[in-house]
Amino acid sequence: MRSCFNAYKRSCNLMREFHVGKHFSNFNSEDVVLKTVCAQLRQRKWKHVEHILPNLSSSLVSRVICELQNSPKLAWEFYKWVAGKENYVHSLASSCSMIHVLVRGKRFNDVLLLMNDLMCAKGMSPSQILQALISNCEIYDSSPAVFDALVRACTMIGDTKGAHEIIQQCKQAGFMVTIHGWNNFLSHLLKQNNIVDFWKSYKEVVSNGYLENVYSCNLVIHALCKEYKLLEAVSVFYRMLKRGIWPNVVTFNMIIDGACRMHDMESALKLVRKMGIMSRECVQPDSVTFNCIINGFCKTGRMAAAEEVFNEMITLGIEPNVRTYATLIDGSPRVGSLDEAFRLCNEMVTRRLMPNSVIYNSLLCWLYKEGDLKSASLLLSDMIEKRICPDSFTYSILLEGLCSSGHMNEAIKIHKLMLEKNLAEDNFCYNVLIKYLCRSKQNLGAWQLVGSMFVRGLVPDIVTYGTLIDAYCKEGNIRLAIEVYDNIAKLEKHPNLVIYNSVLSGFCNVALIDAAESLVDSLERMGLFDSITYNTLLHGYSMSGNADMVFNLASKIGGVNSMVNIVTCNILISFLCKFGCMSHAKELMKVMCTRGMSPDSITYTTLINGVHKNCSPQEVIELHDYMVLNGVIPDACTFEVVVKPLLQELDKNAGS
């Protein structure tokens, strides 16, 4: 590939000599201006160049850039100086001349800046730029890095199609992007989670005979880890060693992170411990390595293990960074230690690490979940005081927190502020407000927000329509639910299981049992069902009072991958209590306990009310004591209304 490129360059040099000879034999005024401009530029006499400006044509600018190709900094200064002059616009040819010179001088940041300007500001297509670059190759001592840079410029602006077209068109024109260009394109596909096209493109790399390097192999390992194929990722690692490609710390970190994503913490730790041996002591764990391990333990709720790794990290002299603390701070409240999260926050400040918006957002989220609005408000004030700008996630958390605590008006004010600051970039915040408006039966307000989405160029998604369908189904308005359901077809997307379960619940609520059964049959044929699907139908049968249908379905649920859960049992207990079968209801509750399903407050309320209606006060109190001893937290209302008066009556009788 390189020899082909060199042969092309030799022919280009002959052409260049021909052009030089031609210019020399046909001496004209442009040659005089060219020599004058270059001489003045080399002496940095910009004022003198100013006088010659009216004579600067696009072709002359290209020739000046070519003449200065051994001084890329000066050529770049000249290019920008000319661009800043009134009534002058660089041609594509002069811009591509500048790109060649910048690449030769390895000024790649400037190259990408210029390419970005051509594509985004001037509307040039990647193909147009490529053709101009190829036509200019005859003048410059170019390298394939020019085409690599164009691929990278395309991926930077998210133009996946353009990047791939450049690779293909280069090949057709007799040029080849290097493995570095391919690596950039493959990395871009992974960032977009486009695994299918990643593997297609990787096969192209292999079939075209490219020599892979450590970065190529790292990308393959990363792709396999994304697909949870840890063993295959490890086999790529050993294949690297056999081919003489030495792994770096990124290679190890990707496999370690893959193991952590699969919650295989033991394998991840083994790999950390053997990193030195496996790399002949060339690679040692870094902060990213330990952050992966800490994150893995935090995600699985093993905070004690995460803290041990954190302490080991410090012992080895590896300084924890903001990400380390962000992971620990988010993990602590997951195991009920919000105070520990704030302690860690103070500790990082003592290490001169400033909490960022991610950390503030995490703490705000947990404060709202605990219903501590006052502390959340103080924390938000502290965030603003420290000049850490709230982002779209911060506002989303605020909306969710305010809505869940019943402060809808304040949430709507926050949303208006987001719109003013252009922070409502997607459907998420709209969907939060629509959800809570529907819960408070303000369907008209929810539809007004849907209209606002259209006005702002946002298209309601599956979540938006699913929320509205659920609201209509809960209020028994199946006709409107079906109308909204039809809108999903316009999105050219299929409803998800959450939406199907909402419709099923709607059918059951209005006693459309035949329609409910038909929907469940369809879902079973699609293989799209879960415990909620069966429990919803079971609840529908229970409300219809058909004992045969209830117990037949209960038997079926027990045989489908053990889908019986506490909701299933509560539905059956409620059904038994409804018909006064108290001994069977209590027996089912005991079976729950033996199978590791702890009865909850719903079980408690259902049974206590059932026994209270059908049995003696003594049996009510005995049942209460039994459930409390088995870890059930009594429903406060049921206890106050039913159990407490009976206990008082019992004490009164005992005293007399």
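Predicted model: local features only at pLDDT ≥ 70, side-chain atom pairs only at ≥ 80, totals over all residues.
Local features here need pLDDT of at least 70, side-chain atom pairs count only at pLDDT 80 or more, and totals for chains, interfaces and linings use all residues. Residues are numbered from 1 along each chain as its sequence is written, and side-chain values use heavy atoms, with hydrogens and water left out.

Biologist: Why is Phe-252 called buried?

Modeller: Buried means under 20% relative accessible area, exposed over 50% and partly exposed in between, with a 1.4 Å probe and protein chains only. Phe-252 has 0% relative accessibility, so it counts as buried.

Biologist: Which residues is Phe-252 in contact with, beyond its neighbours within four places in sequence?

Modeller: Contact means heavy atoms within 4.5 Å. Phe-252, in helix 15 (residues 249–261), has such contacts with Phe-237, Pro-247, Leu-271, Met-275, Met-278, Ser-279 and Val-283. Helices are DSSP runs of H or I, at least four residues, numbered from the N terminus.

Biologist: What span is expected of helix 27, and what does it reach?

Modeller: The expected span is 1.5 Å times one less than the number of residues. Helix 27 (residues 443–455) has 13 residues, for which 18 Å is expected; from first C-alpha to last it reaches 19 Å, close to that value.

Biologist: Which residues of helix 27 are buried, and what puts them on the same side?

Modeller: Asn-443, Gly-445, Ala-446, Leu-449, Val-450 and Met-453 are buried. They cover an arc of only 160 degrees around the axis, so they lie on the same side of helix 27; the arc is that of the directions from the helix axis to the C-beta atoms. The face turned away from them carries the exposed residues Leu-444, Gln-448 and Val-455.

Notes. Helix = DSSP H or I, 4+ residues; strand = E, 2+ residues; numbered from the N terminus.
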